Amino acid sequence: MPDTEPIKPIFTKGLKGVIANESELSDVRGEEGRLLYVGYEIEDLVELCSHEEIIFLLLNKRLPTVEELAGLQQRLRNDRDLPQPILDFFKTATKSARPMSALRTAVSMLGMYDDRTKDPSQMKEIGLSLIAKIPVMVAYYHRICEGLDLPPIRTDLDEASHFLWLLKGTEPDPNEAEILDTSFILHADHGMNASTFAARVTISTLTDMYSAITTAIGTLKGPLHGGANEAVIDMLKEIGEEENVESYIDGKLERKERIMGMGHRVYRTLDPRAPHLRRIAIRNCQHIGEPKWIRMSDKIAKIVRERKKLNANVDFYSASVYYSLGIPTKLFTAIFAIARSSGWVAQLLEQLEDNTIYRPLTKYTGPSEPMFVPMIDMR
Ligand SMILES: CC(=O)SCCNC(=O)CCNC(=O)[C@H](O)C(C)(C)COP(=O)(O)OP(=O)(O)OC[C@H]1O[C@@H](n2cnc3c(N)ncnc32)[C@H](O)[C@@H]1OP(=O)(O)O
Ligand SMILES: O=C([O-])CC(=O)C(=O)O
């Protein structure tokens, strides 16, 4: 039965404060600065779980048994190969395209080679394939752009280690793999952030998983969302030295420019992911003999907090974490996409469990019934 009751419209710019749907996945408690996945505190998950356990948790809304975890690990490891047309695309694509652009196009293209899209019951399987293949796409596109060989796909490594193997072409360092694993957990899901929301809008039309993940990647890429982590490291390099921080930040604020990695739509206090990433960044920047990036970051955070009452978000310290792992800046947002892919898939499956197409209203502000003058009369 269609609703016949008149709907009382509400308007807030950027949907500020609007609840767009219900979810059992991540619980972003903005006032308290807390984040929970399916009811579990992010602090416990980071401490006690692997990235693969979080993938299971998000896709099944419960933690796995030992056997279930092993099954998921095997499932992902056996689905890492890329079809030849994707590799050919990477080889022929313009090498100046950013990794996020290449990833967005490759995911869209992958959908053309997957007959399972015709069968709605295959949504979860397609989602798992994407979770398995996205890291391979990111690493291989990078290596092709750099003129490097492609390390063979392996099935003996977990997700984080395997990504490092493909990216660097050397046996993964367990410390680096653990750092990346933690970062993947911290980035896995985050309520109705812009990319997840955009993807849920897309799937709400009952289109296919590839179309929705393509939407998500295109949305995450923007500098006000996932793209901020690349902008943070660019900013740190531009500042150069700790003594330049204050004048640089004050200059930007005077010109009403945004400080990347600072501020959040939902958190009114510190983003709970930021202190984890800060601790990792402190340890690893020291380990590589470059502690200045953290000293500069802390100084930026302090000044922006004092001047604008804004706190660091997840993108602020993840930039130094990835930098300290020797990952090129242009890959930072693509690494965010790898981490977020499980959250996107889980959110899309949840959307389909109880789907209603998203269709908000527009407050029309254009001209009011202007007199129509045919073009011929104007000559
Ligand atoms: C994974 C993620 O997506 S985390 C976010 C990553 N993005 C960034 O780090 C980019 C920098 N941050 C921002 O642009 C914002 O804080 C956002 C987009 C994250 C959240 O924005 P909102 O909470 O909706 O705030 P909105 O964009 O309406 O800004 C409100 C005011 O705060 C200011 N402001 C917000 N963030 C910043 C910032 N980082 N630097 C300077 N000023 C800021 C705005 O200029 C605006 O000021 P005004 O009222 O004087 O015009
Ligand atoms: O929730 C948001 O708006 C942005 C964010 O922190 C995320 O996507 O992780």
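The shell around ligand 1 divides by class into 7 nonpolar, 8 polar and 4 charged residues. In total, 19 residues surround the ligand. The closest are H225, A228, R258, M262 and G263. The model is predicted, and local features are described where pLDDT is at least 70.

Next, the helix pair α14 and α15. Two packed helices are described by the angle between their axes and the distance between the axes. Helix α14 covers residues 292–308, and helix α15 covers residues 314–324. Their axes come within 11 Å and cross at roughly 175°. That angle is over 145°, so α14 is roughly antiparallel to α15. The contact brings W293, I294, S297 and A301 of α14 against F316, Y317, S320 and Y323 of α15. By class, the residues of this contact are 6 nonpolar, 2 polar and no charged. An α-helix has 3.6 residues a turn, so residues three or four places apart point the same way.

How enclosed is α15 by the rest of the structure? Of its 11 residues, 11 are buried, so α15 is largely enclosed. The buried set includes D315 as well as V314, F316 and V321. Y317, Y322 and Y323 also belong to it, as do S318, S320 and S324. A319 is buried too. These buried residues pack against α8, α11, α13, α14 and α16. Here α11 spans 228–239 and α16 spans 332–353. After α15 comes G326, with a positive phi near 75°.

Now the strands. Strand β1 (residues 26–29) and β2 run antiparallel, joined by 4 bridges. V28 stands opposite L35 of β2. The two strands form a hairpin with 4 residues between them. G33 sits in that turn, and its phi is positive, about 70°.

Strand β2 covers residues 34–37. In a regular strand the side chains alternate between the two faces of the sheet. The covered face of β2 holds L35 and Y37, while R34 and L36 are on the uncovered one.

Y37 stands opposite Y40 of β3. This second hairpin has 2 residues between the strands. V38 takes a positive phi there, near 45°.

Most residues other than glycine have a negative phi, and most peptide bonds are trans. Two further residues are worth a look on this point. L15, in the segment before β1, has a positive phi near 55°. L15 has 15 C-beta neighbours inside 10 Å, so it counts as partly exposed. K256 is not a glycine either, yet its phi is positive, about 60°. Its place is the loop between α12 (245–254) and α13 (273–287). Is K256 buried or exposed? With 6 C-beta neighbours inside 10 Å, K256 counts as exposed.

T170 lies between α7 (159–168) and α8 (174–187). T170 has 9 other C-beta atoms within 10 Å, so it is exposed. Which residue is 19 residues from T170 in sequence and 8.6 Å from it in space? That residue is P151, with the distance taken C-alpha to C-alpha.

Methods. Residues are numbered from 1 along each chain as its sequence is written. Chains are lettered from A and ligands numbered from 1 in the order in which they are written. This is a predicted model: local features need pLDDT of at least 70, side-chain atom pairs count only at pLDDT 80 or more; totals for chains, interfaces and linings use all residues. A residue is near a molecule or strand if its C-beta atom, placed from the backbone, lies within 6 Å of it. Ala, Val, Leu, Ile, Met, Phe, Trp, Tyr, Cys and Pro count as nonpolar, Asp, Glu, Lys and Arg as charged, and the others, Gly among them, as polar. Axes are lines fitted to C-alpha atoms, for helices over the stretch in contact, and angles run from 0 to 180 degrees between N-to-C directions. Angles under 35 degrees count as roughly parallel, over 145 as roughly antiparallel, 65 to 115 as roughly perpendicular and the rest as oblique. Two residues are in contact if their C-beta atoms, placed from the backbone, lie within 7 Å. A residue is buried if 20 or more other C-beta atoms lie within 10 Å of its own, exposed if 12 or fewer, and partly exposed in between; C-beta atoms are placed from the backbone. Two strands pair if DSSP finds at least two bridges between them.
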